Amino acid sequence: MCGIIGYIGKKKDSLDVLIKGLKNLEYRGYDSAGIALKDSKIEIIKAEGKIKNLENKLKNVKSTNLGIGHTRWATHGGATEINAHPHKVGKVTIVHNGIIENYIELKKKLQKDGYSFKSETDTEIACAIIDKLYKKEKNKIKVLKKANGILKGSYAFGIIFDDDDKLYAMRKDSPLIIGIGKEENYIASDAPAILEFTNKYMLLEKNEYAVLDKDKVEIYNEKLQKIVKKVHTYAGTKETAMKNGYEHFMIKEINDEPEVFENLIKQFDIKDIETLKKSMPSFKKYNAIDIIGCGSAYHTGLVGKSIIEKLAKIPVNVELASEYRYKDNFSNKKTLTIFISQSGETADTLAALRKVKEKGFDTLGIINTEASSIAREADKVLYIKAGAEISVATTKAYSAQVLMLILIAIVLGYNEKTVSKQVANNILKDIKMLSNNIKQTIKQEKECKILAKDIYKAKDVFFIGRQIDYSLCMEGSLKLKEISYIHSEAYAAGELKHGTISLIEENTPVIAVVSDETIEEKTISNIKEVKARGANVTLITTKKILNKYKNADFYDQSISIAEDNILIPIHIVAILQLLAYHVAKQKGLDIDKPRNLAKSVTVE
Ligand code: F6R
């Protein structure tokens, strides 16, 4: 997600502050970066990819006393240098977080007025609007207020005008803070960007405007009255600031899921199945799919298998990368091999990718980290746009990977004519509602917390389910064991009686996932088997299924999902993530950095 930094102060410092600030914003995720420095004129330097690439271009650039910087996370237009911020039109240079919803309509009007544009971004349009207004009105704050009346969407801007040496800022729905220093002041999209320079800051609210000088900050409200703002002192560290008020990154990242889904979807045109198909790679040539990954990414693949096979009737083979790399490969030119990886650097997944490429077969990466090794080496890449995931246990990336596989499954099903236009469009409607609906599921954190109180003292926990629910159980079990250190196993519900059921004792916690109505009765009869042997059963299901078994005695407690569509797995997994989180929290463990684990597994 984009980041803003701005500086006004001592001449020697702007370049250093902007680059350090941008590095501090890296955790938000980005795919290009840029700065603008103002001296007698404005110099803009931008680069695709990492901040290192930007730094390589700065060797002969001199520091000034005024500058703005930005890390961009592509939404409107690709991750190119031209689309990177800052943008300059006429006398106005800006950096922007958020989106301008009416930019297409505004662009047409501006083109009629003689404006031409270099980039594909909505930001350049906003910049032109400010420039156009500035030609008629010399009071800059009045110009910004007028622009605010024209631009629709959520945004925050850092702005420099050609003809004075001040730093301007305005915000609507995207956050922006003003950092207060000694003979220097800052703007930033969040506190981590500036904490190493100052811990004093003011919050710019919606429809407020700021004018910064090195020793003065003026803030104007919606009515353009000058107002006095409270100066806060940030008590925490850079790390606590990055957690955005949450106690751990893991819980923050679960709460990021609504925004992640929105960002993922935004890259495609999901108006209807035809437009989605055009905005995705073509899958027409394939009659089989292999999915390769490690750990949670492997579990995502298993969920994807159920959905792709159900919708598209194409066989899907899911393999652990560490196994796949040493076995015979039976794929062929009509097989698409999909590599799933949050980091894009997992050694086994990378080795498996290279093995498939050596054979000359097609590869697709589903990746979070831009420009990572797997993203660079796969023939095609789809980014899940989850932003930086800091907690070692994956949450938002897992869920975004599942959403990406669902989008692929719909396109495959539509190509294969196993999914009608109407069914595909109905699924897309559900996907458009996902960001909103997942918030309701995450609100059930309270129930997960209560349940965690029963589980945290357990020695063993079992997760049972059939088919897709079994795959979800595998993820629930991994999440629990990796952060709570409680032994847990996921079992295909019908398989328990072939051995494992001997481990069930009085009060053994069993989490049973039942979301698939077609086999619900089968799973329930397995639940009854463990219940009869003393298990304490938590039923995780849909409201629709639960309604049928309201007073049944085969479960002790339940958590249910309101949703009743193909996106149920994403909701169920959010509950399993929350449950694992609260069990580990009850135990007082180091949730974000569990023992023996690393975020990126770059060794075999
Ligand atoms: C579990 C977890 C790991 C990763 C696995 C693959 O919470 O995070 O199991 O899923 O190490 O990592 P990536 O996705 O980076 O290839």
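## Surface and overall shape

The accessible surface of the protein chain comes to about 24,900 Å², and 49% of this area belongs to carbon and sulfur atoms (areas come from the Shrake-Rupley method with a 1.4 Å probe). The model is a predicted one, in which local features need pLDDT of at least 70, side-chain atom pairs count only at pLDDT 80 or more, and totals for chains, interfaces and linings use all residues. Residues are numbered from 1 along each chain as its sequence is written, and side-chain values use heavy atoms, with hydrogens and water left out.

The protein chain contains 20 helices and 25 strands, where helices (H or I, at least four residues) and strands (E, at least two) are DSSP runs numbered from the N terminus. Along the principal axes, the C-alpha atoms of the protein chain fill a box of roughly 80 × 50 × 45 Å.

## A parallel sheet

Five strands form an open sheet in the order S22-S21-S23-S24-S25, with parallel pairing (two strands pair if DSSP finds at least two bridges between them). Strand S22 (487-492) and strand S25 (557-561) stand at the edges with a single partner strand each, so one side of each is left without a neighbour in the sheet.

Strand S21 (residues 460-465) runs parallel to S22 and is joined to S22 by six bridges; Ile-464 has Tyr-491 in S22 as its bridge partner.

## A helix on the sheet

Helix H17 (residues 468-484) packs on this sheet, where it touches S21, S22 and S23 (contact means heavy atoms within 4.5 Å). The direction of H17 makes about 175° with that of S22, given that axes are lines fitted to C-alpha atoms, for helices over the stretch in contact, and that angles run from 0 to 180 degrees between N-to-C directions.
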